[in-house]
Amino acid sequence: MEIAYFPGCTLKTTAKKLEDSALAVADALDINLKELPNWTCCGTVYSLAEDDLMRQVAPIRTLARTEALGYSTLTTLCSVCYNTLAQANLFVKADSIRLEKINNFMDEEPDYKGNVEVKHFLTILQELGTEKLKSAVKKDLSGLKVACYYGCLLLRPQSVGIDDCEQPYILENIMQALGTKPVFFPYQVECCGSYHTAVKPEIVARRVYRILENARENGANLVVTSCPLCYFNLKNRQKEIKKLYPGFKPMPIFYFTEIMTDAFGLTKTLENI
Amino acid sequence: MRIGVFICHCGKNIAGVLDIKRLVEEAAKLKDVAYATDYVYLCSEPGQKEIQQKIKELELTHVVIAACSPKMHATTFARAVEEVGLNPYLLEIANIREQCSWVHHDAPEEATEKALEIIRAAVAKVSLAKPLAPITVPLTRKVLVIGGGIAGIQAALDIANGGFEVYLVERSPSLGGHMAQLSETFPTLDCSSCILTPRMVEVARHPNIHLFTYAEVKNVEGIVGQYKVTIEQKPRYVDPDKCTGCGDCAEACPVIVPNEFDQGLGARKAVYVPFPQAVPLVYTIDLEHCLNTKRLIVCEQCYHACGPKAINYLMEPKEIEIEVGAIVLATGYDLLPLEALKEYGGGIYPDVLSGLEFERLLSASGPTGGIVRRPSDGKIPKRVVFIQCAGSRDPEHGCPYCSKICCMYTAKHALLYKHAVPDGEAYVFYIDVRAAGKRYEEFVQRVMEEERIVYLRGKVSKVFQRKDKLVVWGVDTLSGMAVEIEADMVVLATAIVPSKNTADLAKLLKAPIDEFGFLNEVHPKLRPVESSAMGIYLAGAAQAPKDIPDTVSQASAAASKVLGLFSQEELSLEPIKAEVNLENCDGCAYCVDVCPFDAITLVVEEDGHKHVEVKKALCQGCGCCMATCPKEGINVAGFTLNQLKAQIHALLKEDEDD
């Protein structure tokens with residue numbers, strides 16, 4: 001079955017590593033991803049305004065195009081895109097009048113009928129099953145102690161959460177299937193500081209410091225995540241952390257898919273750490 | 001036929017919106033209406049007098065009262081018309097308040113039109129009404145009380161003291177319920193078992209109470225006045241008549257399992273009494289953990305240890321059939337499982353406890369002898385964090401309601417902890433402190449000020465382990481600061497949920513429950529201890545979370561309702577029951593299947609002629625049969641198909657002949 005793939009802006013720029021590795025993983029596991037032609041902005045942040053439908057046009061346009069191309073599933077790699085698209089989808093599915101208004105407004109697009117399911121790539125891997133992942137593993141990664149970091153947008157609100165919002169396990173399951181050892185990591189869903197990174201990087205630095213130190217305390221030798229914004233904050237703010245906490249030792253950060261391509265013998269990313 | 005129409009102003013409630021003058025004029029023009037008038041408060045004494053006088057003076061044969069909902073005053077007006085000799089079933093209430101003036105206050109003209117339609121429909125319906133007489137059914141003046149906690153104990157004692165027989169059924173091996181597990185009770189700090197145990201003994205000794213512990217209600221049939229109940233007595237494998245409660249068997253038993261009474265924090269043997277003051281003081285072999293099975297006896301230690309030879313491995317479950325006239329449901333509560341609160345480490349870390357677990361640690365007869373110790377390493381915790389509203393007031397956990405008792409017992413816990421560990425620190429996270437009750441607020445103030453407990457207004461987001469400490473992340477919303485506390489122990493005031501099996505039991509009794517599984521009362525204010533299933537009464541936390549004083553009050557209230565019911569020799573029931581029209585009924589029996597009360601049976605006469613028959617006592621007048629019948633072969637008295645048709649035609653402004 002073909003699955004529509006919505007990259008979003010970050011995957012083509014700062015998170016290119018996530019896209020490259022994820023597409024390689026999909027290839028290795030025979031997941032048939034087809035990038036949507038003419039994709040536009042996902043909407044960036046899901047609008048909580050009930051009555052301002054204009055804010056929903058961007059995600060619904062994407063869903064309408066996906067549906068018109070005959071896809072029933074749309075997958076994303078970016079947590080922000082996932083959250084915005086999935087929430088907008090529920091928002092219009094719950095109320096046909098809203099949907100009609102948005103459809104009327106987008107008269108240049110085909111009408112969206114509500115028949116697309118938005119799934120994060122992690123959910124697709126979960127549905128594939130750990131056995132399939134295990135059988136694709138070519139390299140022994142049993143020495144790797146991994147802290148799996150989720151951030152917020154994959155798990156909340158619960159209506160679109162891909163796993164238990166307090167005690168998620170989906171990343172750990174995948175990491176375990178690859179042969180690595182996920183560590184106990186209570187800070188796994190703590191906020192990374194999100195967009196504060198743009199104007200108040202020290203807020204992010206302080207938060208990320210606590211997150212990474214907690215991973216280290218629990219024996220992790222690297223942290224994996226799936227969210228490009230979390231990844232940026234966890235990785236790039238380590239410079240600021242060093243200034244605030246001189247004793248801080250760097251912590252390697254990877255996209256979960258980078259571990260996967262290494263495990264599948266496609267890359268050798270981990271050799272450098 | 002001379003119909004009188006009386007229209008109530010209800011002060012401004014109705015008259016402030018509707019054009020009463022026009023209603024009276026139009027009502028007077030309706031067919032068969034001999035008289036129409038209005039009055040400021042028809043339900044008042046002079047209002048009722050006015051109705052009575054006009055009935056006599058004008059020889060009215062039928063009456064329509066256009067006023068509030070029949071739920072409000074149907075009985076008031078029925079009594080009024082009855083006093084002057086009019087059959088109360090020739091009275092119809094047209095609800096022009098709740099269903100008209102209140103909801104359409106912004107559109108008075110249309111509302112007046114609607115009120116007129118409602119009145120027209122009521123007139124059409126009453127014109128086809130027939131006088132009805134209440135039916136009487138036998139009343140078995142015995143009661144079944146389900147649940148042997150403080151609610152069930154209180155209800156059983158009150159009814160038994162009133163002179164009627166009580167069957168008290170408790171699922172566990174002893175009376176007492178959760179109250180027996182508590183250390184001390186707020187706000188007086190009475191020792192819980194000291195005040196409860198005498199009541200338990202009184203139940204066991206009462207000549208009017210038949211006590212069934214380690215038993216469950218298996219089946220209930222029938223209706224108010226005549227329930228047939230099947231009780232299953234589970235086998236204790238110990239003869240209760242021979243057992244002296246000496247405990248020699250437990251001493252000999254080689255199997256040690258967690259004790260449910262101590263919330264799993266202590267241990268018991270496979271042959272056990274839940275706690276030393278258990279009533280009855282009879283040991284029970286828990287076959288699930290005993291080395292013996294139904295088929296194979298491999299261990300006879302207890303058998304040999306038992307002096308009076310009370311042990312009997314071959315005991316079988318017994319079924320006991322009883323007949324009662326009323327049932328009191330006092331099935332109590334459970335706590336939301338700790339596992340549901342993963343963010344607080346519930347079910348993950350041994351030192352994250354529920355309120356009831358902490359209660360056992362505080363109890364002098366508890367697993368630690370009243371010394372507060374951590375389950376993980378036995379150390380005395382020097383810093384304890386109490387988290388209120390753990391699951392309660394939280395739609396995400398399915399319990400948006402307040403569990404009511406947690407503010408008080410948390411204050412009590414903090415106080416008792418400080419008394420047990422004077423150099424310890426106690427923190428309480430709360431949303432609001434709800435201390436509504438006699439001397440409750442004073443108690444909480446005392447805890448806050450004199451015991452120097454730190455109350456932090458805010459929620460906890462997460463609890464996790466760091467080395468041998470529990471890290472609590474919360475917020476103090478008064479100072480606006482994030483708070484991190486390294487604690488030795490965390491106590492969660494977990495939400496109160498209905499006890500398991502309450503829903504099954506409610507289904508068996510056709511007693512409605514709410515969306516959370518608590519038993520529903522008929523009216524939250526005016527009939528708080530009755531279920532809408534007649535003859536079923538509610539007591540205790542099975543209806544909603546409540547503390548001991550409220551539970552005892554409600555149990556006594558339920559008991560007084562039962563005593564009121566039992567003050568009559570026979571039961572008089574409303575005549576609104578299904579009636580079979582033998583001319584039309586051909587015995588197709590569609591109605592038999594749809595009847596939710598199994599009140600309809602199919603009868604085949606000797607000549608092969610078939611028809612259905614209604615057991616009046618069982619019928620609740622719901623009308624499912626009438627709606628299903630394709631031949632107008634069955635009708636609910638007072639709501640016949642013809643009456644309903646006339647009502648609908650009138651609403652649609654059609655003459656029935658059209």
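Chain B contains 18 helices and 34 strands; helices (H or I, at least four residues) and strands (E, at least two) are DSSP runs, numbered from the N terminus. The model is a predicted one, in which local features need pLDDT of at least 70, side-chain atom pairs count only at pLDDT 80 or more, and totals for chains, interfaces and linings use all residues. Residues are numbered from 1 along each chain as its sequence is written, while chains are lettered from A and ligands numbered from 1 in the order in which they are written.

**Chain B**

The C-alpha atoms of chain B fill a box of roughly 85 × 70 × 40 Å along the principal axes. Of its 658 residues, 45% are buried, meaning that 20 or more other C-beta atoms, placed from the backbone, lie within 10 Å of the residue's own.

| Domain of chain B | Residues |
|---|---|
| Domain 1 | 3–126 |
| Domain 2 | 142–226 + 319–332 + 501–565 |
| Domain 3 | 248–305 |
| Domain 4 | 334–497 |
| Domain 5 | 578–636 |

Between the C-alpha centres of domain 1 and domain 5 of chain B the distance is 34 Å.

Chain B also has an open sheet of five strands, in the order 10-7-6-18-29, with parallel pairing. Two strands count as paired if DSSP finds at least two bridges between them. At the edges are strand 10 (209–212) and strand 29 (536–538) of chain B, each of which pairs on one side only. Strand 7 (residues 165–169) of chain B is joined to strand 10 of chain B by four bridges in the parallel sense. Val169(B) has Phe212(B), in strand 10 of chain B, as its bridge partner.

**Chain A**

Chain A is divided into domain 1 (2–123) and domain 2 (129–272). Their C-alpha centres lie 24 Å apart. The contact takes 22 residues from domain 1 of chain A and 23 residues from domain 2 of chain A; residues are in contact if their C-beta atoms, placed from the backbone, lie within 7 Å.

Helix 2 (residues 57–68) of chain A has twelve residues and reaches 16 Å from its first C-alpha to its last, close to the expected 16 Å; the expected span is 1.5 Å times one less than the number of residues. Its buried residues include Pro59(A), Ile60(A) and Leu63(A). Among the elements covering the buried residues of helix 2 of chain A are strand 1 (2–6) and helix 4 (96–105) of chain A. Just after helix 2 of chain A, Gly70(A) has a positive phi of about 90 degrees.

Key: Domain bounds come from an automatic or database domain assignment. Two residues are in contact if their C-beta atoms, placed from the backbone, lie within 7 Å. A residue is buried if 20 or more other C-beta atoms lie within 10 Å of its own, exposed if 12 or fewer, and partly exposed in between; C-beta atoms are placed from the backbone.
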